[in-house]
Amino acid sequence: MLKFIKPRRAGMMSRGKSQSRDERPTNKPDQTVTSGGSSKKQVLTPDLETNLREIKSILNNCSDVVYREFVFAQNEQLKLALIYTDGLVDNAQVSDQIMRALALEVPMSVPGQQITKARALEFIRERGLCIHQINESAQLEDIIRSILSGDTVLLVDGHATAIINKARGWEMRSITEPEAETTVRGPREAFVESLRVNTALIRRKIKSPNLKVEALRLGEVTDTDIAIIYIKGIVNEKLVAEVKSRLERIEIDGILESGYIEELIEDSPWSFFPTINHSERPDRVAAMLLEGRVAILVDGTPFVLSVPTLFVEFLQATEDYYHRFLFSSAIRLLRFLAMIITLTLPGLYIAVLAFHHELLPTALLLSIAAQHESVPYPVIIEVLLMEVTFEILREAGIRLPRPIGQAVSIVGALVIGEAAVRAGLVAAATVIVVAGTGIASFVIAYNLSASLRLLRFLIMFLSAFLGLFGLISGLAVIGIHLCTLRSFGVPYLSPLVPITGVNLTDTLIRAPWWAMFYRPRLIARQNQKRLAQGLKPSPPPSRRKG
Amino acid sequence: MLEHGKIDSKQAILLMISMILPTAILIVPAITLKYAKQDAWLSLILATLVGLLIAWLVVSLSLRFPGKTIIEYTEEILGRVLGKIVGFLYIYTFMRIGSGVCREFGFFLVTAMMPETPMIVFIIIAIVISAYAVRNGLEVLCRFNQLFIPVTGLLVIAFLLSTTNMKLTRLLPVFDTGLLSIAQGAVSPIAWLGEILTLAMIIPYLTKPKEAYRVAVISVLLSGFILMINTMESLLIFGPDLANHWLYPTYNAVRVVSIANFLERLDAVILMVWILGGFIKIGVFYYAFVLGSAQWMGLKDYRPLVLPAGLIMGASSYFLFGINIVEYYSHLPYHLILPEVVIPLLLLIVALAKGKGKKSEDEAT
């Protein structure tokens, strides 16, 4: 009967089974726990008592749902009932604008005049309610969902239609500064957990009628609101269709974070690399939309997905576009360097110390050799020890409550920096390498650095076995893998590989705004131009002539 | 078609250059210098000219049969039985060059970098990595190549740094060694530049097959030019007498670079470029071998052949050539003349005589 309180079906999570479920006669998809009734959609009856009983039977043991029955001010005989979920509604609005208006106040124009039962619904809809947005529905399913989403449902005796008042209001985190993507320059607002606020944040940046916000609901139990946002005219229509079809394929009990969706729709589920990016910054998402991407917003999380995702995105920070381009380009190159360091530095260290001493200048080699004299382990063990310790400390720093986090960092600094070297467990050079790698990994976007941190261990092992050859082989495998990746049909490494000349302006460097004429060619296929030619500022003509 | 990917002309040029050069830059200078001494650069100019002829031959042959690789159109030209035999010869050639590269690859790494590691380790890893690229198709192979090209910038830097050691007088006296020596010196680079033959497997997958002439000519010219610069580097640094005694003069030329006691031991750079280039070179021949076999056997998909083909290549690289790599190098060019020059020429003549294939517009002009 009610789709969204359906029990989890066996085999629901497996793609093959769930796709063919509609054809199989044995599987009754619409059977529920609460009632084994017919699979037809239930509608309201004109009788208030029956309706209330029906709703109460569905929402039994839901102590947060409030039923308030009262009598209409215009007609003592007419009974009304309000149903809403406590905590999800704006109490002041419900009491003042709905209750007071209907139970006490008599509209000026019709003093003392009775409103008949038959006209009541129309009268209430037209003149009785002071709520900015109301809907009507006769479907029980809609009504239940509205109640649980925070709407206030008004039932009128004698009418088989309910009025759904949007008087939502719940305790919500206010818009704060972004925590994961901080900037020196740029807007200081981040998305919050409420979908509506998030769409508003984007709409405030892009006031175009072409900004489309399509709604979708996913999650059989949680019934989570999803919004697909794109700019019509810039976006590739096929991409939108693809995103929709991938989202509609999802059948899951609940979606609590956009990460669920990310894993369910990505192109290469086994890859180490993220092929879907996320952001908590409205300005970043707006920029993505302007480049022809599609954003997927999920109610309940401030992290917004954007597709397709390119590898270079992880080296681009929002701020790059706000600072002057020379500085931004330098920082981009620095990030690229940091990425390479994160991936290869420990491996290189191991390879050089274990196999290729000749690559080091003699003085440096001697000093490192002296440090290693007291260390009982081979270099790989030593580096592994430190890397794992470092990863543990990092994880501890993230999970612990803030005040204790500081203590961890002190202990960590002491353990890593001092004691391990003094005790002769590791060489000082190893500490430098591990610490340098760690810091470099903080420079790049978190989801890419997560994959690089994992791959770093692979590179370390290869280097320990085969020296530089192992290191380069590892890099080659990663390189080939990156070349095979696609995100929603767009090659992951583009515009670097395959090379798209006009888009190189926004990759490892960031060209000045007046030179970034085109949107990413493979993403925004039809509408590529984003900037007029000849915008480069120059002194006024009078000056130029001298 | 077996391969669904398409590559554009630029990618093809880069792939062809990466296919010719990685082994050539290491091995060709020593062989050419051995015969042509200080006139090695003349040998290379000669070799490039011959290379252009081979490129023209291969492309004009292939363009007569649009959408077909050399394995497929030999059957059309020569009939089923003879065509299969010639096709097999080409598959064998690709396999042989591929496994030869594996061998060179392993041999170089063992001698230059890790003398205690068994050669088979390097060969296996190189084949596994190339297999990964080959399995993912031509597009991925080309993209990986593009990804790798910027790394060769390091090689250019190493070359520029090594100019400090060069003496131009080592080129003198010019044309002293005689025409025969120069011709002898050209044989080996011709064999390498003649590897442009592999383009005959790739032309059907170009986005614009008509540009194949351009692709072949630019690839051969650039490869020949780089090879000449590279030979000159060894020549100018060491002189003809010293350089031809080493197997890898280029490697040594980079090793002797030392600037301000800081920029030295650049051999790691050449190692890196060489290893990555080796993967690509093996990958291209591996790909030609696998694709050719699949077409020869009339399979619908070449992927099942990747693993057995890798095994064959690995095994033959280990057993086929014996220990003496130098001997292999000196024989190699004469083995390659047949598939690179003679057969394509015969095929073209037969095709012209029988009137097979479409007449290309280029021929009329």
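**Exercise 1. Packing of α1 and α10 in chain B**

Describe how helix α1 (residues 9-36) of chain B and helix α10 (residues 212-243) of chain B pack against each other.

Solution. The model is a predicted one. Step 1: the axes of α1(B) and α10(B) are 8 Å apart, and the angle of packing is about 25°. Step 2: angles under 35 degrees count as roughly parallel, which makes α1(B) roughly parallel to α10(B). Step 3: the hand of the crossing of α1(B) and α10(B) is right-handed. Step 4: sorted by class, the residues of this contact are 18 nonpolar, six polar and one charged.

**Exercise 2. Packing of α5 and α12 in chain B**

State the crossing angle, the orientation and the hand for helix α5 (residues 119-135) and helix α12 (residues 267-297) of chain B, then list the residues that meet.

Solution. Step 1: the two axes cross at roughly 60° and come within 9 Å. Step 2: α5(B) and α12(B) are therefore oblique to each other. Step 3: the crossing in which α5(B) passes α12(B) is right-handed. Step 4: α5(B) contributes B:Ala126, B:Ile127, B:Ile129, B:Ser130, B:Ala131 and B:Val134, which meet B:Phe279, B:Ile282, B:Gly283, B:Tyr286 and B:Tyr287 of α12(B). Step 5: the contact of α5(B) with α12(B) holds nine nonpolar and two polar residues, and no charged ones.

**Exercise 3. Packing of α12 and α13 in chain A**

Decide how helix α12 (residues 379-399) and helix α13 (residues 402-422) of chain A are oriented, and name the residues of their contact.

Solution. Step 1: the angle between the helices is about 170°, and their axes lie 10 Å apart. Step 2: angles over 145 degrees count as roughly antiparallel, so α12(A) and α13(A) are roughly antiparallel to each other. Step 3: on the side of α12(A) the contact is made by A:Met386, A:Phe390, A:Leu393 and A:Ala396, and on the side of α13(A) by A:Val408, A:Gly412 and A:Ile416. Step 4: six of these residues are nonpolar, one is polar and none is charged.

**Exercise 4. Cavities**

Solution. Step 2: the largest cavity has a volume of about 120 Å³. Its lining includes A:Arg284, A:Met288, A:Glu291, A:Glu313, A:Gln316, A:Tyr321 and A:Asp506. By class, that lining has four nonpolar, two polar and five charged residues. Step 3: the volume of the second largest cavity is about 100 Å³. This cavity is lined by 14 residues, and those nearest its centre are A:Glu291, A:Gln316, A:Asn503, A:Asp506 and A:Pro520. The lining of the second largest cavity divides into five nonpolar, three polar and six charged residues.

Technical notes
Residues are numbered from 1 along each chain as its sequence is written. Chains are lettered from A and ligands numbered from 1 in the order in which they are written. This is a predicted model: local features need pLDDT of at least 70, side-chain atom pairs count only at pLDDT 80 or more; totals for chains, interfaces and linings use all residues. Side-chain values use heavy atoms; hydrogens and water are left out. On a 1 Å grid over the protein atoms alone, a cavity is a set of points where a 1.4 Å probe fits but cannot get out, and a pocket is an open set with protein on both sides within 12 Å along at least five of seven lines; lining residues have an atom within 4 Å of a point. Grid points are joined across faces, edges and corners, and a volume is the space filled by probe spheres set on the points. Ala, Val, Leu, Ile, Met, Phe, Trp, Tyr, Cys and Pro count as nonpolar, Asp, Glu, Lys and Arg as charged, and the others, Gly among them, as polar. Axes are lines fitted to C-alpha atoms, for helices over the stretch in contact, and angles run from 0 to 180 degrees between N-to-C directions. Helices (H or I, at least four residues) and strands (E, at least two) are DSSP runs, numbered from the N terminus. Angles under 35 degrees count as roughly parallel, over 145 as roughly antiparallel, 65 to 115 as roughly perpendicular and the rest as oblique. A crossing is left-handed if the near helix is turned anticlockwise from the far one by less than a right angle, and right-handed if clockwise. Contact means heavy atoms within 4.5 Å.
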